[in-house]
Amino acid sequence: MEQFTVVKSIWIQASLERAWQAVTEGEQLTEWYSPGSPWDVAELSPGAEVYFHHVPNEYHEGTEVVTLRATIEAVELQQRFALRWEFSVPDYEMITTFLTAAEGDGTRVTITETGYETQEQAKPTEEGYAMSLDNLKAYLEGHELPY
């Protein structure tokens, strides 16, 4: 079965170290990824658990907090942070990867997510990650978050 992967990338005027911290530390992910939706990243090592508490807001429909659990798949310092999400559906695998790379006098941050069955199914995530990366850029560059 063919799977579709979402890939979104942005260049940010920030050091590699600063960008890496923003994509791996729970407190910072809470600030920009989906503002107001807390992340719990207790340990930055493969096999450790991560929790994302998705709070309803103008960008996320619903009336209740949805807590998603992931296991850290990979950590390559200042390069790659990958999470395997745990769902109750058998044989359903979704992996989100944050990539950071020095580029010029800033950093390129790329988010990829695999596991979509159709391009249509992936479209909302593409739109959401574009907004999240715009937020990350604003957050790291010291501007007001757009979303």
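Which elements do the buried residues of α3 pack against? They pack against β1 (4-12), α1 (16-24), α2 (26-32), β6 (94-103) and β7 (106-116). The legends below start from the whole chain and then move to single sites.

**Figure 1. Overview of the predicted model.** This is a predicted model: local features need pLDDT of at least 70, side-chain atom pairs count only at pLDDT 80 or more, and totals for chains, interfaces and linings use all residues. Residues are numbered from 1 along each chain as its sequence is written, and side-chain values use heavy atoms, with hydrogens and water left out. The protein has 3 helices and 7 strands. Helices (H or I, at least four residues) and strands (E, at least two) are DSSP runs, numbered from the N terminus. Their order from the N terminus is β-α-α-β-β-β-β-β-β-α. Along the principal axes, the C-alpha atoms fill a box of roughly 45 × 30 × 30 Å. The radius of gyration is 15 Å, which agrees with the value near 15 Å for a compact globule of 147 residues. That radius is taken over C-alpha atoms, and the globule rule is 2.2 Å times the number of residues to the power 0.38.

Figure 2. Of the 147 residues, 39% count as buried. Buried means under 20% relative accessible area, exposed over 50%, and partly exposed in between (1.4 Å probe, protein chains only). The accessible surface comes to about 8,000 Å², by the Shrake-Rupley method with a 1.4 Å probe. Carbon and sulfur atoms hold 49% of this surface. There are 8 positive and 26 negative side chains. Lys and Arg count as positive, Asp and Glu as negative; His and the chain ends are not counted. The centres of the two sets lie 5 Å apart, with each charge placed at NZ of Lys, CZ of Arg, CG of Asp or CD of Glu.

Figure 3. Helix α3 covers residues 119-141, 23 residues in total. From first C-alpha to last, α3 reaches 32 Å, close to the 33 Å expected at 1.5 Å a residue. The expected span is 1.5 Å times one less than the number of residues. Buried positions in α3 include A122, T125, Y129, L133 and L136. Just after α3, G142 takes a positive phi of about 80°.

Figure 4. V6 is found in strand β1 and is buried, at 0% relative accessible area. T125 is found in helix α3 and counts as buried at 17%. Contact means heavy atoms within 4.5 Å. Leaving aside neighbours within four places in sequence, V6 is in contact with I111, T112, E113, Y116, A122, T125, E126 and Y129. V6 and I111 are 105 residues apart in sequence but 7.8 Å apart in space, C-alpha to C-alpha.

Figure 5. P56 is found in the loop between β3 (49-54) and β4. At 24% relative accessibility, P56 counts as partly exposed. Beyond four places in sequence, P56 touches G62, T63, E64 and V65. Q78 lies in the loop between β4 (66-76) and β5 (80-86). Q78 is partly exposed too, at 30%. Phi of Q78 is near 55°, a positive value in a residue other than glycine. Most residues other than glycine have a negative phi.
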